[in-house]
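Visitor: I am new to this structure. Please show it to me, and then let me ask about it.

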Amino acid sequence: MCYTLPMHKSFYASGFLYSLKTHQILLLQCQQKDNIASLWSTLGGESKEGEEAQTTFQRIVYDLLNVNLKMKHIYPIYDYFHDTLDKVNYVFYGEVKKIPTLNALKKNTLSWVTFNETLKLLF
């Protein structure tokens with residue numbers, strides 16, 4: 001299923017990678033200067049003009065992680081209007097068979113976590 005929006009409307013696409021081998025998801029751990037507790041989030045970013053939501057998520061994963069997801073391995077989860085961004089956010093997950101080698105991003109750390117571990121994380 002592809003989500004298509006009018007070319008003039010920008011949106012946000014976000015989500016996570018899911019490892020078929022370990023049954024873990026990849027999340028970003030954002031370091032907070034003022035707070036001891038870390039905040040966690042999914043990968044995400046703005047659309048470019050004319051992009052479909054699934055293509056935006058694919059590009060974001062490639063730009064951030066240098067992982068080239070095939071469209072057939074990207075699955076929609078849900079979409080909603082994100083009040084803070086004032087945009088629609090399309091949420092996806094991408095299946096990976098092998099865990100890619102990952103480097104820390106600027107001010108953020110990437111971590112593979114189980115679904116049960118996510119219950120203890122602050123998003």
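**A buried arginine and its surroundings**

Guide: R59 is buried, with a relative accessible area of 18%. Buried means under 20% relative accessible area, exposed over 50%, and partly exposed in between (1.4 Å probe, protein chains only). This is a predicted model: local features need pLDDT of at least 70, side-chain atom pairs count only at pLDDT 80 or more, and totals for chains, interfaces and linings use all residues. Residues are numbered from 1 along each chain as its sequence is written, and side-chain values use heavy atoms, with hydrogens and water left out.

Visitor: In which helix does R59 lie?

Guide: Helices (H or I, at least four residues) and strands (E, at least two) are DSSP runs, numbered from the N terminus. The run that holds R59 spans residues 53-65. R59 therefore belongs to a helix under that definition. Its name is α1.

Visitor: Is D63 buried or exposed?

Guide: D63 lies in helix α1, four residues from R59, about one turn of the helix. Its relative accessible area is 52%. Because the cut-off for exposed is over 50%, D63 counts as exposed.

Visitor: Which backbone oxygen does the side chain of R59 reach?

Guide: A polar contact is a pair of N or O atoms within 3.5 Å; within protein, one must be able to donate a hydrogen and the other to accept it, and residues adjacent in sequence count only if both atoms are side-chain atoms. Here the distance is 2.8 Å. The backbone oxygen belongs to E46.

Visitor: With which residue does E46 form a salt bridge?

Guide: E46 sits in strand β4 (residues 43-46). Its partner is in strand β6, 41 residues apart. The side chains meet at 3.4 Å, N to O. The partner is K87.

Visitor: What is the relative accessible area of L17?

Guide: L17 is found in strand β1. Beyond four places in sequence, L17 touches residues including I25, V61, L65 and W112 (heavy atoms within 4.5 Å). L17 counts as buried, and the value is 0%.

Visitor: Where is H23, with its positive phi?

Guide: H23 is not a glycine, yet its phi is about 60°. H23 is partly exposed, at 47% relative accessible area. Its place is the loop between β1 (12-19) and β2 (24-30).

Visitor: What phi does D86 have?

Guide: D86 is in the loop between β5 (74-82) and β6 (87-96). D86 is exposed, with a relative accessible area of 57%. D86 is not a glycine, but its phi is positive, at about 55°.

Terms used:
Salt bridge = Lys/Arg side-chain N within 4 Å of Asp/Glu carboxyl O.
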